[in-house]
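I have a new chain open in the viewer today, and I am keeping notes as I go. Come along and look things up with me.

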Amino acid sequence: MSVRLKLTLSYAGFLMLAGVLLLAAVWVFLLRYVPERAMLINPDDKLNGVFPVRSVLLEVFAPRAAAVLAFLMVFGLLGGWILAGRMLAPLTRVTNATRMAANGSLAHRIRLPGRRDEFRELADAFDTMLARLEAHVAEQQRFAANASHELRTPLAISKTLLDVARTDPSRANGELIDRLHAVNSRAIDLTEALLLLSRADQRSFTREHVDLSLTAEEAAETLLPLAEKRGVTIETCADVTPTVGSPALLLQLTTNIVHNAIVHNLPEQGTVWVSTGVRPATVVLTVENTGEMLTPELVSTLTEPFQRGTERIHTDHAGVGLGLAIVKTITRAHDGTLTLTPRPAGGMRVTVELPATAPPTDR
């Protein structure tokens, strides 16, 4: 049976039950006090004639009661069917929207009018889910298009270099081999970054206790040679910041942020500040760097895949354009928040906020 039919039968059943209880009350509180034998009344009394007996009243009452119950059944079924249809109308709209979403139409919204009740909350939650799903699908499509473009470039360069090597009469291929090695290394880095991005997005990792301050110090120490080569100073101020997550992914997150701060810095005498701290319910990793003046509009796009500063550049140590995109994905996979803000003096401040946890106790 459909839900509407079940509700209809429920309405009619309750109405019939109420009618039976009402008639039973009439019997209990009225008919039971009527005498079973005829009684003669004093002619001088206000009640003249013979007082009606119980059997006579039952003969009159029973057909009327049956007719009332039959009317209540018909009225309950008809009224219940109409009321159930009106009550379930919002669910019909939700069902139609679900079918449209299953067919690929994610732009449709229910937008259920009326007062805020359970059906309205269900429709609003469904609209919110559709909006997030549509944004996620659009992001994935945009990412796939950018990834295809990025992968096409090194492959095309490799093909060109190989064609040149085949047609070079002097066969002096040493420089071509070096260039091919660089292009191949870039393609490998891009592929590994894509795999890391997919792994973090699927949350397929084991959560462990991690001290984010140790992760920040390890990332700064690893990238110190690159910072010295580019004339950038790294300053760290790390307090104990216990959280739960993947040590490898959180190290990758911190390394990407610090690497980005070093590469996109002043040509010389630049500075990178790395700090960690604890808030009431979260731990915070903050990385700031000097650099060129950035606008909030530009900063808001830096977490998009393959965005590198003000333009799509390909320089040494510039990465593959997935650094902050990976940071965003890892942060989201750890139920944290990522905030990018431009510094008034130039450069950028990157803040990662993760849920805090009590540090593990040594036994």
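Below are my entries, from the whole chain down to single residues.

**Ground rules**

I am working with a predicted model, in which local features need pLDDT of at least 70 and side-chain atom pairs count only at pLDDT 80 or more, while totals for chains, interfaces and linings use all residues. I number residues from 1 along each chain as its sequence is written, and side-chain values use heavy atoms, with hydrogens and water left out.

**The whole chain**

I started with the elements and found 9 helices and 9 strands in the chain. Here helices (H or I, at least four residues) and strands (E, at least two) are DSSP runs, numbered from the N terminus.

Next I looked up burial: of the 363 residues, 34% count as buried. Buried means under 20% relative accessible area, exposed over 50%, and partly exposed in between, with a 1.4 Å probe and protein chains only.

The chain exposes about 22,400 Å², and carbon and sulfur atoms supply 60% of that area. Accessible areas come from the Shrake-Rupley method with a 1.4 Å probe, and for residues only the protein chains shown count as cover.

I also checked contacts (heavy atoms within 4.5 Å). Among those between residues at least 6 apart in sequence, 69% join residues at least 24 apart.

**The sheet**

In what order do the strands of the open sheet run? I read β4-β6-β7-β9-β8, 5 strands with mixed pairing. Two strands pair if DSSP finds at least two bridges between them. β4 (232–238) and β8 stand at the edges with a single partner strand each, so one side of each has no neighbour in the sheet. From one strand to the next, the twist averages 10°. For angles, axes are lines fitted to C-alpha atoms, for helices over the stretch in contact, and the values run from 0 to 180 degrees between N-to-C directions.

I then followed β7 (residues 282–289). Strand β6 runs antiparallel to β7, with 7 bridges between them, and a hairpin of 3 residues links the two. Across this pair, Thr276 stands opposite Leu285, and Trp273 has Glu288 as its bridge partner. Toward β9, I found 8 bridges from β7, again antiparallel; there Asn289 is partnered by Met348.

Is β7 enclosed or open? 8 of its 8 residues are buried, so β7 is largely enclosed by the rest of the structure. Thr282, Val284, Thr286 and Glu288 point one way, while Val283, Leu285, Val287 and Asn289 point the other way.

Helix α9 lies across β8 and β9 and runs at about 140° to β8.

**The cores**

A nonpolar core is a set of buried Ala, Val, Leu, Ile, Met, Phe, Trp, Tyr and Cys residues joined through side-chain atoms within 4.5 Å. The largest has 38 residues, and those touching the most other members are Ile257, Ile262, Val272, Val274, Leu285, Val287 and Met348. Elements that give it two or more residues include α5 (212–222), α6 (224–229), β4 and β6. The largest share, 8 residues, comes from α7.

Leaving out residues up to four places away in sequence, Ile262 touches Leu223, Leu226, Ala227, Arg230, Val232, Ile234 and Val272.

**An aromatic pair**

Rings of Phe, Tyr and Trp (its six-membered ring) pair if their centres lie within 6.5 Å; planes under 30 degrees apart count as stacked, over 60 as edge-to-face and the rest as tilted. By this rule I count 1 aromatic pair. The rings of Phe71 and Phe75 have centres 5.8 Å apart and planes at 20°, so they are stacked. Both lie in helix α2 (residues 54–102), 4 residues apart, about one turn of the helix. Phe71 is exposed, at 53% relative accessible area.

**Two loop residues**

I noted that phi of Gln269, which is not a glycine, is positive, near 60°. Gln269 sits in the loop between α7 (247–263) and β6 (270–278) and is exposed at 72% relative accessibility.

Asp335 also has phi near 60°. Its loop lies between α9 (323–333) and β8 (337–342), and at 49% Asp335 counts as partly exposed.
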